[in-house]
Amino acid sequence: MKPPFYISTPIYYSNGVPHIGHTYTTLIAETIARYKRFSGYETKFSTGVDENSQKVVEKAEEQAMTPEAYADMMAAKHRAVWDNLGIEYTDFVRTRDPRHFEVVRDMLQRSYDAGDIYLGTYEGKYCVGCEAYKRDEDLNEEGRCPDHPNRDITILSETNYFFRLSKYQDRLLELYESQPDFVMPEYRFREIIEFVRGGLEDFSISREGSTFGIPLPFDESHVTYVWYDALFNYYTACTHGQERFFPADVHVVGKEILRFHAVYWPAMLWSVGLPLPKNILANGFFTIDGQKISKSVGNVIDPVEYVQRHSRELMQLYLLYAFPVGADGDFSHEHAVDAYNAHLANNIGNLLNRFLVLSLKIGWNIPSIPLDDDFANEIQNTTRTYREAMDRYELRKALEITIAFADFLNKYLDTTRPWEYASDETRHAELVRVLAHLGEGVRTLGVLLASFFPKKAFELLERIGRKSDIATIESWKLQESFQLRWEFFVAEKGVPLFARVEPKSEENSSTKP
Ligand code: MSP
């Protein structure tokens, strides 16, 4: 029996289609999911759409559709984006799904019975863009939401049901104390701890009179909205025979919704008597060419179009290499091309090429021989530090280690200079030695790349006659393939694994053709 591993993305609002920002979070989750799957875990990777919102009703009206029909259409569009990108999700949760309604109603009742939900009046500033009440200190100088400066802040006064978040303040602080890696990275965790220390207010979980939402079981004239509803998607994903996956190992979320995941969500889980997730991994936000991603700026990048025009590897390498998970950044197509050319096309691609050309010269299989200590140590250190980084979800670091290893191999070639004696019969043994070392290095590189770029990594392994490694990796034994050793067989040079991209001939990615 494989141990279960559950990782999620946020469920994205379905009143728009996912852009490259949403794709970023999804790629982080997918890469971790793949690494865990290859490492022997039975992996569940859920994503989905957050549908029960006022914005869906507004948008449907604009398009003269029923909210239901609009929601169906948008859910299909979201799926199409992830499918077109080849994202390997295992679950797609819709909050319109009857099974989700059942879950949320059951949970509401449990919280209510626990005395955690009460009727009260709330008057406050509300941002429809965030679907959240705002305190004055959350607003900018013009009194607007910094994330939605074009929307007016609404003053809402209503009779709502509230969730007694304040009751859980001490317990939350104890949790944070006892689990120093509950939120990663650490500096984002510190912001959360400060926020909770500052005191918690109960939050509203219902609206009166709306029909597009989940009715409260104890008062059908109210529907629950946004956060109480949305967060339980992670539980819905684990019903119907999937119970063993709950709670999640990691929720990957953007920093702007970290508070809901690191503060509300644990309190809600305690309230209904369910276990907490192990980690919450917060990614930073990136801008594009210095500006917030927005339709009005016109800099929205459609990930499907971007990948069709360039490649998934280019997008993914750049996103995961340029921005350490957690940090904010700025996306620039030029930098994406530079990073891809430098690391994948030149460094790794050329290395493979050099190895293939030299191997063809000796014309037979390259035998496996005991490696020099230095070389063997380098491989061991690389795979060890790579795994440590991946296990801490430090994707950028793992990529850095991979790239540094390719540098090491290129340097090994530059020092041993086998092309100088490739045709010299008297130095044949030396040539074979060098190539055997290099082959083992290139093979290791394939294994390291597999969690990030499975297609390319498998192609690499196939080209060096190491199909058996693909099977090892795919049969979820990544750690084993870090240790195996075999002979290599090279049949042809073939086309470059990572074709170089010409920066000059590229159009600006942020302007539509
Ligand atoms: N529906 C809620 C989440 C509910 S989860 C229980 C929501 N949806 S959203 O459509 O607004 O998606 C927000 C998420 O998309 C962010 O938390 C982040 O993961 C991702 N990103 C959107 N834009 C992004 C950037 N510009 N940069 C990085 N991540 C971005 O919030």
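Domain bounds here come from an automatic or database domain assignment. On that basis the chain is divided into domain 1 (4–284) and domain 2 (333–489). The model is predicted: local features need pLDDT of at least 70 and side-chain atom pairs count only at pLDDT 80 or more, while totals for chains, interfaces and linings use all residues. Residues are numbered from 1 along each chain as its sequence is written, and side-chain values use heavy atoms, with hydrogens and water left out.

The C-alpha centres of the two domains lie 42 Å apart. Contact (heavy atoms within 4.5 Å) is made as tabulated.

| Part | Residues in the contact |
|---|---|
| Domain 1 | 17 residues |
| Domain 2 | 18 residues |

Buried area is the accessible area (1.4 Å probe) that two parts lose on being put together, summed over both. Domain 1 and domain 2 bury about 1,400 Å² between them, with 68% of it on carbon and sulfur atoms. Of the area that domain 1 buries against domain 2, 49% is supplied by Thr31, Tyr35 and Phe38, more than by any other three residues.

For a salt bridge, a side-chain nitrogen of Lys or Arg must be within 4 Å of a carboxyl oxygen of Asp or Glu. By this rule there is one salt bridge across the interface. The side chains of Lys36 and Asp391 meet in a salt bridge at 3.7 Å, N to O.

Helices (H or I, at least four residues) and strands (E, at least two) are DSSP runs, numbered from the N terminus. α1 (20–38) and β13 (279–283) are the elements that give two or more residues to the side of domain 1 that touches domain 2. On that side α1 gives the most, with eight residues.
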